[in-house]
Amino acid sequence: MFKNIILTGFMGTGKTSVGTRLAKELGYSFVDSDELIEADQHMTIAEIFEKRGEPGFRDVESRIIHQIMEEDSQVVSTGGGAVVRDANREAFKKGGLTVCLTARPEVIYGRIKHETHRPLLQVADPLARIRELLEAREKFYRQADIIIDTSGKTEESVINEIKEKVRYARC
């Protein structure tokens, strides 16, 4: 098995829900980088964005990611924008196998439209913002070792697909 399995991808693609169950099935620890950031900073992601802006948040995120990658036997759920920094992608490559979960913009919007803790989507047209962010991040998401579209799939089927592709990647 790999040192860690790092789940990347846009918000609402299933990183946390799939990651929690995948970790349990593999006997790994589950780590959510956003939860660790909030604990480290003693404030929510939205508050960090409000007080320090996205660059300030990304600085903290990078530090936490590097700390996480020092451990092993983890399924790690990363923030959707973590992949934009070269140093983070490099840490992921050294830290294990990167699996990017994707979904169509309309699916993402349907999954997260009632959530209020997403600072990047507090705009007049969240679906347009989702499309814009996906397009800007696509080249980074595509650098993952494995890419799985979660649109229309159950958590169980996504987990099985990850386990199968991880098994194949080991060979």
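A: Start with T8, which lies in strand β1 (residues 4–9). Helices (H or I, at least four residues) and strands (E, at least two) are DSSP runs, numbered from the N terminus. This is a predicted model, where local features need pLDDT of at least 70, side-chain atom pairs count only at pLDDT 80 or more, and totals for chains, interfaces and linings use all residues. Residues are numbered from 1 along each chain as its sequence is written, and side-chain values use heavy atoms, with hydrogens and water left out.

T8 has a relative accessible area of 1%, so it is buried. The classes are buried under 20% relative accessible area, exposed over 50%, and partly exposed in between (1.4 Å probe, protein chains only). Leaving aside residues up to four places away in sequence, T8 touches K15, T78, V83, F92, T98, V99, C100 and L101. Contact here means heavy atoms within 4.5 Å. F140 is 132 residues from T8 in sequence, yet their C-alpha atoms are 9.8 Å apart.

Now the cavity. The whole structure has one cavity of 30 Å³ or more. The largest cavity holds about 80 Å³ of space. A cavity is a set of points, on a 1 Å grid over the protein atoms alone, where a 1.4 Å probe fits but cannot get out; lining residues have an atom within 4 Å of a point. Grid points are joined across faces, edges and corners, and the volume is the space filled by probe spheres set on them.

Its lining consists of T8, V83, R89, F92, K93, T98, F140, Y141, Q143 and A144. Helix α4 gives the most, with three. By class, five lining residues are nonpolar, three polar and two charged. Nonpolar covers Ala, Val, Leu, Ile, Met, Phe, Trp, Tyr, Cys and Pro; charged covers Asp, Glu, Lys and Arg; the others, Gly among them, are polar.

V99, a contact of T8, has I146 as its bridge partner in β5. Strand β4 (residues 97–102) runs parallel to β5, joined by four bridges. Strands pair if DSSP finds at least two bridges between them. In β5 (residues 146–149), I146 and I148 form the covered face, I147 and D149 the uncovered one.

Finally, the backbone angles. Most residues other than glycine have a negative phi. H42 has a positive phi of about 55°. H42 sits in the loop between α2 (33–41) and α3 (45–68), and is exposed at 72% relative accessible area.

Methods: On a 1 Å grid over the protein atoms alone, a cavity is a set of points where a 1.4 Å probe fits but cannot get out, and a pocket is an open set with protein on both sides within 12 Å along at least five of seven lines; lining residues have an atom within 4 Å of a point.
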